[in-house]
Amino acid sequence: MLILMPIWARVINRTSWFAAYWKSVLIYGLFYFGYPLVTVTNYHWVYPIVLLALHILSPAINLVHSNLAFYKIPRE
C-alpha cells in the first residue's frame with residue numbers, strides 16, 4: 001500500500017477520480033474470473049498472478065473510495 005498509493009495518486013491526478021475508479025474496478029472485476037480457473041481446473045499457476053494483480057489494484061480502489069465522499073463538498 002505504501003509503495004502503490006503514490007503511483008495511483010499520480011494516475012488520478014493525470015486522469016480523474018472517476019476514470020481511475022472505473023478502470024481499476026473493471027480490471028479488478030475481470031480477475032474474479034480467474035478464481036474459478038484455480039479451483040475447478042489444474043491451473044494453479046494462475047492464483048499468484050491473480051493475487052498479485054488484485055493487490056496492485058486495491059490501493060486505487062481504496063484511495064478513490066475514501067476520498068469520493070469529499071468530491072463535491074462545498075468549501076464553507
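## Surface patch

L26, I27, L30 and F33 together make a nonpolar surface patch of about 440 Å².

One member of the patch, I27, belongs to helix α2, which spans residues 17-30. I27 counts as partly exposed because its relative accessibility is 38%, and the partly exposed class lies between under 20% (buried) and over 50% (exposed).

Leaving aside residues up to four places away in sequence, S24 touches L57, A60 and I61. Helix α4 covers residues 46-67.

## Nonpolar core

The largest nonpolar core consists of five residues, namely I12, A20, Y21, L63 and V64. Helices α2 and α4 are the elements that give two or more residues to this core.

Among the core residues is L63. When residues up to four places away in sequence are not counted, L63 has contacts with M5, W8, A9, I12 and W17.

## Confidence

The chain has a mean pLDDT of 82, and 97% of its residues reach 70 or more. Where pLDDT is low, predicted coordinates should not be read in detail.

Conventions. Residues are numbered from 1 along each chain as its sequence is written. This is a predicted model: local features need pLDDT of at least 70, side-chain atom pairs count only at pLDDT 80 or more; totals for chains, interfaces and linings use all residues. Side-chain values use heavy atoms; hydrogens and water are left out. pLDDT is the predictor's confidence in each residue, from 0 to 100. Patches are made of residues with over 30% relative accessible area and no salt bridge: like charges are joined within 9 Å, nonpolar side chains (Val, Leu, Ile, Met, Phe, Trp, Tyr) within 5 Å. Accessible areas come from the Shrake-Rupley method with a 1.4 Å probe; for residues, only the protein chains shown count as cover. A salt bridge is a side-chain nitrogen of Lys or Arg within 4 Å of a carboxyl oxygen of Asp or Glu. Helices (H or I, at least four residues) and strands (E, at least two) are DSSP runs, numbered from the N terminus. Buried means under 20% relative accessible area, exposed over 50%, partly exposed in between (1.4 Å probe, protein chains only). A nonpolar core is a set of buried Ala, Val, Leu, Ile, Met, Phe, Trp, Tyr and Cys residues joined through side-chain atoms within 4.5 Å. Contact means heavy atoms within 4.5 Å.
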